Amino acid sequence: MAATPTAVSTLDRPPPKPALFTRRRVRSAAWQTALALVVIAAGYFAHLNVTRNLAASGVAIDFGFLTREAGFDVSEQLIAYTPKDSYARVLLVGLLNTLLLAATTLALSTAVGLAVGVALTSRNWLVRVLSRTYVEVLRNLPKLLIVLALYIAMVRGLPLVRAAWTLPGGALLANRGLYLPWPEIPVGGAVLAAISAVWAVATIVWARAVRRHQDLTGVRRPLALPSLLGLAVALAVANLTGAVDLHWSMPALKGFNIVGGAHLTVQFTALWVSLSVYHASQIAEIVRGGIVSVDKGQREAAAALGLRPGRVLRLIVLPQAIRVIVPPLGNQYLNLIKNTSIALAVGYSDLVGVMNTAVNQTFRPVELMLVVMGVFLAVNLTTAAALNWFAVATRPVGRET
Amino acid sequence: MNVVDPDRRPRRPRRVVAWEWARANLFDGPVNTVLTLATTAFLVWAIPIAVRWLIVDAVGFTGDVAACKAASGACWAFLRVKGDVILTGTYPFDERWRAQAAAVVTMVTVVAALFWRGGFVSLAGLFLAGCLADLALLSGGVFGLTPVDATRWNGLPLVLFLSVFTMALALPIGVVLALARKSRAVVVRAVAIAWIEAIRGIPMVAVLFAGVFILPLMMPPGQHVSSMISIFVVLTIFHAAYFAEDVRSGLDDFDRGQIEAAYSIGLTHWRTLRLVVLPQALRTALPALTNSIIGGFKDTSLVAIVGLFDLMATSRLATADVEWQAYSLEANIVVGLFYLVTCIGVSERFRRLAEIAPER
C-alpha cells in the first residue's frame, strides 16, 4: 500500500525541538529542588542535634578512640587478641568472627539445601514428604527462636567434658562445644602445597584431554577416579618417605580438658548449625524451583539417550537449573551474611556484638555504627559483585536470557 | 484402539492398589528402596522418642513442679503457671486483660485486612483504628485506664503491634519508594536508591541498634524519645526498603504499552498509576511481598536483642524462675507453634489472593 505524499512529508519533517522551559520541566525541577532542600535540611538538623547532644555529654565525633585500649575480652578470636589491644583490633577480631561464621554457614547451608532441594523433587513419596515438612517448619520459624532453642538445649542437655559424647568419625561433643578431628602438618607444609598445586594443574590438563577425546570420539574416559587416585598415591608416597607428615589430630580427654583436634565453642556450633538449617530450608526451595523449571522433555530425552538418573540430574538438569537458581541464591547468601548478626543473642563475639560492647563502654555510637555499617556494605557489595561474576560465568553459551 | 470406559473398568482389590502405589512411589528401583528403608528407620527411631517426650512421659497441664521434676518428659504444667508471663511479660498483673485485648485487636485487624473488600482508604482507616485502639489499651491514660510505661509492653501484644503496624505503614512508603526509584527526576531517584540500598546492605540488628543509639541523638536536645518509638520508626524505614524492592520487581515486568494506551485514552499521569500500573504491578509483586511480610513478622523477634521483650525474651523471663528453669524447650515449642500457624495461615491467604486476583 502506497502512502500518500502528504503523509510522507509529515513523517520526514524533523520533530520539533522541545522547548527548554516547558511547564512540565519547570515543575519537575522545582519539585526536585524542594526535595533536595528538605533532605539537606533534615541531614543538617540531624547532624546539628547529634553534635549538640554529644557535646552535652562532653564528647565530639572523633575516630581517635579506635587506637585506645579496648579493655574487654571476646568469646573467641582467630587472631591474637588480649583486652590490652586497641578498639580497632577488637573490631577486626569481630569482623573475622563474622566472616568465619558466614563462610562456614554458607558452605553447610548450601550442601544441606542442595540435598533437601533435590529430595523435594524425589520420586520417593516418603523422602518428598519428609523434606517438605522440614522446609515448611524451618521456613516459618523465626531464626532467633531456632538459634536460642538449640543454644539452650546444647548448654543444658550436653554432658560435661569428661563424659563427652563421641560422634561418628571421632568428633567429641560436650557442653563446652564441638571438638572435630583436624589435619595436622608438622613437617613438609611446602612440599604438600607443591603436591597440591601439581595435582590441581594435572587434573585440569587431564580434564581438558578427556573433554577433547570425548569431542573427537564420543568416548568418555574416567576423570574423577584417576585424579583422586593420583592424589592418594602422591600423598601416600610423601608420607611414607617422610617428606611430609600429614595426620589427623584426634580430640581426646586429657585431665580436665579435651586436647587435640579443632575446638568449636557452644556459641559458634549453635549458631553455625541453626543458621545453616534455617537457610538450608530457603535454599532447598530455590533449588527445587530451579529443578522444576527445567522442561520435563529434557529429562525424558536424556533418559531416552540412555543416561542414568544420577547423570541426568548432574549433566542435564542441574546445569540448566543453575541459571534459575543463581540469582535468588545470591540474595539468600547476602541475607545469610547479614543474619550472622544475631550472634549477639548467644554471646558470640561477632562484629555487631563487639560494636555493642564498645558502644556501652565508650558512648561513641555514631562512630562505631558508621564503621559497622561501612564494613557490612563493603562485605555485601563484594559478595554481590562475586555472585554477579558467577552468574555471568555460568550463563550457558548461545542462550538469550 | 481399545479404549476402556472408566466406569466399566473392573475394580481391583484395594490391597493391590496400595501395593502398586507403594511400588511406584517407594520401591521404584534400588536407590529408592534404600532411601525408603533409611527414612523409615529414621522415623521408627525418632517418632517413639518424640511421642514419649511429648505425651507418654509428660506432665499434663494440671500437674505441678514436683511432678515435673519427677517426670522425664515435657512439663506442660509450666505453661499453665507461666503462660501469663510468656504472653504479656511484665505488664502489670491486674491490667493484663488490656494487653491481651490489644493482642486480640491486632489479630482481628490483620484478619479483617486479609479479607478486606473495601478500597485502599478504608483499609488505611482500619489499620489506623486498630493502631489507636492498641495504643489506648496498652498505654492507658485515656478512658480512665491506668497509664502503663512502654517498657512494660511485652510479649505477644508487643510483637503483634510492632510487626503489623510498622509493615502496614511501610507498605505505602515502599510503593512510593519503588516509584521514586523508577522516576526520571534525578534527585528523587537518588534519594530512593540511597534509602533502599543503604538499608538492604546492613543487617536488621544493626538497623535496630541505630534506632536505639543514633535516633535519640538526632532529636533536639532535651527531647526524650522512648525506645519503643525509635524501634517503631526504624522498623518502618527497614520494611519500606524491602517492600520497595518487591514492588519494583512488579514494576519491572510491567508492559509499557499499557501506559501509552492509558495516556492515549486521556488518563492523567496519576490516574494511570493508580488505575492501570499499580493494581497489576502489585499483583505481580504479591509473592515477593508475601515473603517479605512473613520474613518481617518473624524478624520482629530480633527486637529482643536491643532490649525489648518479644516472645523469646518473655520465655526467658518465665524460665528465670529457679523452680521452672528447666522448661525453656516447652516455651520454645509453644512460641514456635504460634509462628508456624500464623506464618502458614497468612502466606496461604496471600497465595489465594494471588490466585483469585483476576487475570487479564
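**Domains and packing in a predicted model**

Biologist: In this predicted model, what distance separates the centres of domain 1 of chain A and domain 3 of chain A?

Modeller: Domain bounds come from an automatic or database domain assignment. Domain 1 covers 28–58 and domain 3 covers 182–249. Taken over C-alpha atoms, their centres are separated by 62 Å.

Biologist: How are the residues and chains labelled, and which confidence limits apply?

Modeller: Residues are numbered from 1 along each chain as its sequence is written, while chains are lettered from A and ligands numbered from 1 in the order in which they are written. Local features need pLDDT of at least 70 and side-chain atom pairs count only at pLDDT 80 or more, whereas totals for chains, interfaces and linings use all residues.

Biologist: Is Ala178(B) buried or exposed?

Modeller: A residue is buried if 20 or more other C-beta atoms, placed from the backbone, lie within 10 Å of its own, exposed if 12 or fewer, and partly exposed in between. Ala178(B) has 27 other C-beta atoms within 10 Å, so Ala178(B) is buried.

Biologist: Which residues is Ala178(B) in contact with, leaving aside its neighbours within four places in sequence?

Modeller: Two residues are in contact if their C-beta atoms, placed from the backbone, lie within 7 Å. With those neighbours left aside, the partners of Ala178(B) are Ala244(B), Val247(B), Arg248(B) and Leu251(B).
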